[in-house]
Every structure is written in structure tokens, then in C-alpha cells.
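Colleague: I would like to learn how to read strand pairing, ring pairs and a nonpolar core from a model. Could we take them one after another?

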Amino acid sequence: MQNDLIENIVINDLSSNANANYKLDVNLNNLTSDTITVNGSASGVITISDLNYLGSLTLEDVGKHPIKVLNTNSNSVTLALSDAVKDSSFILGDIRRDEQDTVAMITNFNTVYYNRYRLGNIVGKLSVSSDSKDSITIDAVDQWSNTSTATSVLGDTLQ
């Protein structure tokens, strides 16, 4: 199903074993994914073995996001993640934080204050939603680099 499009795949009856791997597209901009709709009977395990991420997450998106994947009336089919997917972290977006040194009220004449920026990533881990076995959950966290880059001096503060 990985084709850079979010699609609903409609199946009349589904019997799937854990060895059957499914590859899905996930749109991070609106938190949707390819879906599988089973109109008739369904049984077994749908194992997601790979995800193709479209778009990216921002700093405002940090947190847990459930994404519905499976539409069925059957309780006999569940979602699972392959070991490679559930044991990995995925970079889901690039982030930047602008910072300014705080100018002290009392300071030496040779102290220089800077504007800085720090780069980071939104990193996500995946799980099958615990409350319903028809969705995956992206747990997105921000990870910042340990170094910042000075971009300019705040000016001649004391001169």
C-alpha cells in the first residue's frame, strides 16, 4: 500500500497470519494513515512491517497520537507491529529553538551576549493502541542537540 497516498483498502473477508506483512503510508500533517476496511468476516493478525511517513510533525505535536488503521466489526483480527518497527525510533520532523542570553544587571564590560539557536528532532516510537486493537499510536518526543550555535551578538550592551 505504500504509494505516497492515503487510501482505504476495502476487503470483503480477511484471514491473515502474523507472517503477512503490511506496509502503510502515514500522513503526519493530519495524523491519518492507509486504512483497511473489512466488510465481512475477519480473523488473524495484521502485522505492520513498514511505514512511509508523509509530511512531518512540529514541536506542537509532541505527545501521543492514535491513528486508526483497521475498520471491522470482528473481534477476531488485531493489529501488530513487526519487531523492526516496534523496536525503532523514527525521526518525524526537524525543529529549531531560538534562544537569547539573559543580560545581567551587573556584568563585566567584556561580557558578550548572543542570540543562539538549537536544532533538534521530533522522534517517535510506535505501539498498537492498548485500548483498541484497531489503531497505532505514535508517541512523539522532542530531542534537542547538546550544542547551540551563536548567530549574532545582542549589541553593544555596555559600550
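Colleague: Which residue stands opposite Val38 in β5?

Modeller: Strands of a sheet pair through backbone hydrogen bonds, either parallel or antiparallel. Here Ile11 stands opposite Val38 in β5, and the bridge partner of Val10 in that strand is Thr37. This is a predicted model, in which local features need pLDDT of at least 70 and side-chain atom pairs count only at pLDDT 80 or more, while totals for chains, interfaces and linings use all residues. Residues are numbered from 1 along each chain as its sequence is written, and side-chain values use heavy atoms, with hydrogens and water left out.

Colleague: In what order do the strands of the open sheet lie?

Modeller: The open sheet has 3 strands in the order β1-β5-β8, with parallel pairing (strands are DSSP runs of E, at least two residues, numbered from the N terminus; two of them pair if DSSP finds at least two bridges between them). β1 (residues 8-11) is joined to β5 by 4 bridges, and β5 to β8 (residues 70-71) by 2 bridges, with Ile36 opposite Leu70. β1 and β8 are the edge strands, each pairing on one side only.

Colleague: Which way do the side chains of β5 point?

Modeller: In a regular strand the side chains alternate between the two faces of the sheet. In β5 (residues 35-38), Thr35 and Thr37 point one way and Ile36 and Val38 the other, and all are buried (under 20% relative accessible area, with a 1.4 Å probe and protein chains only).

Colleague: How many aromatic pairs does a search of the whole structure find?

Modeller: A pair of aromatic rings is described by the distance of the centres and the angle of the planes. The search finds 1 aromatic pair (rings of Phe, Tyr and Trp, the last by its six-membered ring, with centres within 6.5 Å; planes under 30 degrees apart are stacked, over 60 edge-to-face and the rest tilted). The centres of Tyr53 and Phe90 are 5.6 Å apart and their planes stand at 55°, so the pair is tilted. Because Tyr53 lies in β6 (residues 42-54) and Phe90 in β10 (residues 90-100), the pair ties together parts that are 37 residues apart in sequence.

Colleague: Which residues touch the most other members of the largest nonpolar core?

Modeller: They are Ile46, Leu51 and Ile138, in a core of 28 residues (buried Ala, Val, Leu, Ile, Met, Phe, Trp, Tyr and Cys joined through side-chain atoms within 4.5 Å). The largest share of this core, 5 residues, comes from β6.

Note on methods:
Buried means under 20% relative accessible area, exposed over 50%, partly exposed in between (1.4 Å probe, protein chains only).
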